[in-house]
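Look at the fold below before reading on. This report starts with the sheets and then moves to a helix, some loops and the whole chain.

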Amino acid sequence: MNNNLVDLHSHTTCSDGTFTPNELLTEAERIGLKILSITDHECVDAYFNMDTKLFSGTIIPGIELRTSCLGVSIELLGYGFDIKKMKENIEKFKYLDTAALDKYMAELAYKQYTSRGVMLDEDFIDKFNKTNIPRFSKYLMSELAKHPENQKYTNDIPENKSFFRYCMTNPNSPLFIDLSPAFPSIKDLITCIKDAGGFISIPHIFEYKDNAERILVELLEKHPEIDAIECFYPSFSKDNTEYLLDICKKYNKYSSGGSDFHGMNRPSTFLGRGIENNLYVPIDLVKKWTNTIPHFSN
Ligand SMILES: [Zn+2]
């Protein structure tokens with residue numbers, strides 16, 4: 001068993017995970033994690049609701065924030081910031097919750113699709129507001145399928161591809177929806193994290209599929225304030241990780257890694273170890289930067 005486990009990307013019940021902050025600390029202690037960061041979406045509440053005595057390792061304050069790059073919805077991670085200041089800063093953005101974001105996406109989709117000739121019912125937005133289908137992407141797929149004229153857009157979607165990543169958030173797809181009006185800009189987000197004294201990392205870049213490299217280059221070339229790249233992540237191949245480690249050298253960035261643990265909302269992913277032990281974040285690489293930023297204690 002590896003006894004130098006590190007995990008700098010995890011979620012609790014304060015966003016979309018199923019472990020409470022204290023349950024997550026208990027699990028981190030049980031597996032012998034050395035460094036942990038809880039990076040809930042748009043929220044630092046976990047840090048106000050935890051008993052740090054449950055975990056003997058190092059805790060790095062963390063957060064995951066949505067923005068958009070080239071019209072694609074992406075995330076950035078912030079670490080080592082002042083928690084109260086971060087809470088104040090993110091409140092200014094008035095992030096939409098999942099339900100409100102879905103409703104806003106329905107409006108953006110209707111406007112952008114119909115101007116491009118994609119067929120949708122006239123009461124598309126109204127119907128979605130009354131529907132019980134939980135997520136917008138599912139609703140959208142079923143609505144598109146009602147119009148045979150849309151087959152030219154939907155026919156060549158590979159079965160194993162996520163509609164959200166492959167179509168809705170892919171600028172090369174005719175079914176792309178530019179989501180940038182729904183999120184703060186990258187510039188605003190960087191200011192928010194830096195103003196709270198934080199360190200910035202680019203998470204799970206290959207989750208953005210065909211757009212991954214374009215987004216990575218855009219972020220690195222236009223935003224020198226970015227400090228690190230998440231090079232170790234459960235869905236990355238060995239080649240993905242090697243590639244990102246090379247990019248870190250080229251751009252003089254630190255490297256990071258984490259499981260993106262969500263508890264039972266992503267049941268095959270384990271804290272510190274990823275999917276079937278495919279994650280190993282080298283502690284020495286991470287300590288190069290975690291030793292230079294504030295740790296959390298209460
Ligand atoms: Zn995450």
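Strand 1 and strand 2 pair in the parallel sense over two bridges. Within this pair, valine 6 stands opposite isoleucine 35 in strand 2.

Some terms need their rules. Strands are DSSP runs of E with at least two residues, helices are DSSP runs of H or I with at least four residues, and both are numbered from the N terminus. Two strands pair if DSSP finds at least two bridges between them. The model is predicted: local features need pLDDT of at least 70, side-chain atom pairs count only at pLDDT 80 or more, and totals for chains, interfaces and linings use all residues. Residues are numbered from 1 along each chain as its sequence is written.

A second open sheet is listed here: five strands in the order 4-5-6-7-8, with mixed pairing. Strand 4 (62-69) and strand 8 stand at the edges with a single partner strand each, so one side of each has no neighbour in the sheet. Neighbouring strands of this sheet are turned by 40° against each other on average, direction ignored. Helix 9 packs on the sheet and touches strand 4, strand 5 (72-79) and strand 6. The direction of helix 9 makes about 105° with that of strand 4. Such angles run from 0 to 180 degrees between N-to-C directions, and the axes are lines fitted to C-alpha atoms, for helices over the stretch in contact. Contact, or touching, means that the C-beta atoms of two residues, placed from the backbone, lie within 7 Å.

Now take the strand 7 and strand 8 pair. Strand 7 (residues 228-232) runs parallel to strand 8 (residues 254-257), and four bridges join them. The chain gets from strand 7 to strand 8 through helix 10 (residues 238-251), in a right-handed β-α-β crossover. Right-handed means that, with the strands pointing away from the viewer, the path from the first strand over the helix to the second runs clockwise. Glutamate 230 has serine 256 in strand 8 as its bridge partner. Phenylalanine 232 stands opposite glycine 257 in strand 8.

## Two sides of helix 2

Which residues of helix 2 (residues 83-93) are buried? They are Met86, Asn89 and Ile90. These residues cover an arc of only 95° around the axis, which puts them on the same side of helix 2. The arc is that of the directions from the helix axis to the C-beta atoms. Buried means 20 or more other C-beta atoms within 10 Å of a residue's own, exposed means 12 or fewer, and partly exposed lies in between; C-beta atoms are placed from the backbone.

The cover over the buried residues of helix 2 includes strand 4 and helix 8 (186-195). The face turned away from the buried side carries the exposed residues Lys84, Glu91 and Lys92. Lysine 94 follows helix 2, and its phi is positive, near 50°.

## Loops: buried and exposed

Glycine 272 is in the loop between strand 9 (269-270) and strand 10 (274-275). Is glycine 272 buried or exposed? It counts as buried, because it has 25 C-beta neighbours inside 10 Å. Leaving out residues up to four places away in sequence, glycine 272 touches Leu5, Asp7, Ile31, Leu33 and Ser259. Glycine 272 and leucine 5 are 267 residues apart along the chain, yet their C-alpha atoms are separated by 5.8 Å.

Serine 237 lies in the loop between strand 7 and helix 10. Serine 237 counts as exposed because it has 10 C-beta neighbours inside 10 Å.

## Positive phi values

Most residues other than glycine have a negative phi. Glutamate 42 has a positive phi near 55°. Its place is in the loop between strand 2 (35-36) and strand 3 (58-59). Glutamate 42 is partly exposed, with 17 other C-beta atoms within 10 Å.

Lysine 209 has a positive phi of about 45°. Lysine 209 lies in the loop between strand 6 (199-202) and helix 9 (212-222).

## The whole chain

The protein chain has 11 helices and 10 strands. Buried residues make up 40% of its 298 residues.
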